[in-house]
Amino acid sequence: MPSKAESSRTKSLLFPAPQELRELVLDYLVHNSFNSTAESFVSESSVKHVDADGDEVMRSPERTLAEDLVDLRQRLIVGDLRKGMHQSSYIRTHILTGKIDEAKALLNKHFPSVLSEDTEEVPTSTSSPGRWDYLPSTSVNPEHLALNLRIQAFIEAARTIPLPYYPPGSSTPLPHPPLLSATTKLPPEDEDTEMLGPESEEANEQLLHRVQGLYSDANALTRAEDRARYLHELKDVGGLLAYIKPENSPLAAYMTQRRREGIADQIDGAILYRAKRPAVSRIELYARYTATLWGMLHEKDVKTPPRSTWPAGVSLPPSAGRSPETTLAPVKDTGVLENAVPAIKKPPVEKEAEEVLPPFDLHLFVESPERP
């Protein structure tokens with residue numbers, strides 16, 4: 001017999017209150033910095049009180065729409081600086097464009113704890129019963145972040161071919177930083193890469209100086225395993241100097257937009273962590289939790305309980321491998337007319353067929369026409 005608290009939680013999950021669903025949508029919009037959409041949503045979805053004639057009356061003095069909007073704008077401040085509306089203050093956009101120094105300047109101004117060596121050490125686990133926490137998947141250690149940004153700054157300095165960045169929904173790239181290398185000449189057509197140094201001696205000297213600084217920073221890391229890992233990576237990163245066109249070399253993976261995105265994601269996660277904000281939106285956290293839980297149950301071949309015990313409105317999530325099909329029972333030919341029509345084998349009424357719980361596929365769930 002479930003306790004009263006368990007019954008209350010179950011009812012809340014099956015029949016969430018409108019305010020809970022509203023906050024779930026708003027959390028997603030705020031987390032992803034859809035600022036104008038979030039403000040419109042707060043205004044349009046505010047609870048309206050009406051009298052017996054259907055006319056709107058004044059809201060409770062405990063909470064007004066104006067107060068809701070003030071609170072919302074406070075929540076949007078972090079998003080504005082992470083990836084807000086004004087591209088000049090975009091930390092993420094600066095990284096995706098290759099302007100690492102500008103991104104570091106904004107970090108030190110608005111989120112100094114992200115790169116500060118005085119920031120407290122990251123706990124290994126903050127989970128506790130009854131809490132749903134999700135830590136960033138990459139390191140938020142200021143030592144690692146600062147060195148990763150310096151490595152990326154070196155990569156940008158070693159670039160010889162501009163890498164344009166197109167903001168979402170735009171067909172025009174943002175201005176890229178000037179190239180340090182003085183040459184833009186392409187390698188000969190009969191050679192993939194040239195094992196020559198950059199033509200500009202001045203650029204080469206600056207890059208060598210940067211590499212020396214990176215090795216110095218790596219050797220200054222606190223933990224021995226961190227030093228070993230970064231020194232190993234710097235062997236490859238420093239190899240960019242051996243190619244006149246590193247974008248066409250075996251080390252070209254360091255020169256891609258995907259590399260920039262990885263750094264931007266790590267910095268974004270660290271900003272949210274230091275600002276005591278969740279690393280992902282609540283709806284994304286719930287989706288990950290659901291997919292993991294159902295996946296584990298499916299792998300362990302857990303059977304579904306009898307349908308007679310299911311609460312009203314509950315159904316299994318759609319699954320690619322689950323499709324209700326009727327099977328035809330073999331018919332023995334006796335020459336009787338009724339046997340000309342194959343009989344449909346009906347499942348026994350007294351016993352339900354056991355079915356393994358399917359895995360949860362978010363894409364199938366969203367696209368399924370059977371979704372309630």
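The legends below describe close-up views of a predicted model.

**Figure 1. Overview of the predicted protein.** The protein holds 12 helices and 2 strands. Along the sequence, these elements follow the pattern α-α-α-β-β-α-α-α-α-α-α-α-α-α. Of the 372 residues, 32% count as buried. Among contacts between residues at least 6 apart in sequence, 66% join residues at least 24 apart.

**Figure 2. Helix H7 beside helix H9.** H7 spans residues 142-158 and H9 spans residues 224-238; their axes come within 12 Å and cross at roughly 5°. Because angles under 35 degrees count as roughly parallel, H7 is roughly parallel to H9. From H7, the contact involves His 144, Leu 147, Asn 148, Ile 151, Phe 154 and Ile 155. These residues meet Asp 226, Arg 229, Tyr 230, Glu 233, Leu 234 and Val 237 of H9. By class, the contact has 7 nonpolar, 2 polar and 3 charged residues.

Figure 3. Asp 226, Tyr 230, Glu 233, Leu 234, Val 237 and Gly 238 are buried in H9. They cover an arc of only 130° around the axis, so they lie on the same side of H9. An α-helix has 3.6 residues a turn, so residues three or four places apart point the same way. His 232 and Lys 235, on the other side of H9, are exposed.

Figure 4. Ser 116 lies in the loop between helix H6 (100-110) and H7. The C-alpha atom of Ser 116 is separated by 8.8 Å from that of Ala 146, although the two residues are 30 residues apart along the chain.

Figure 5. Thr 93 is found in helix H5, which covers residues 91-97. Thr 93 counts as buried because its relative accessibility is 4%, and the cut-off for buried is under 20%. Leaving aside residues up to four places away in sequence, Thr 93 touches Tyr 165 and Leu 174.

Notes
Residues numbered from 1 in each chain as written. Predicted model: local features only at pLDDT ≥ 70, side-chain atom pairs only at ≥ 80, totals over all residues. Heavy atoms only, no water. Axes fitted to C-alpha atoms, helices over the stretch in contact; angles between N-to-C directions. Helix = DSSP H or I, 4+ residues; strand = E, 2+ residues; numbered from the N terminus. Parallel < 35°, antiparallel > 145°, perpendicular 65-115°, else oblique. Contact = heavy atoms within 4.5 Å. Nonpolar A, V, L, I, M, F, W, Y, C, P; charged D, E, K, R; others polar. Buried < 20%, exposed > 50% of the residue type's maximum accessible area, 1.4 Å probe, protein only. Arc of directions from axis to C-beta.
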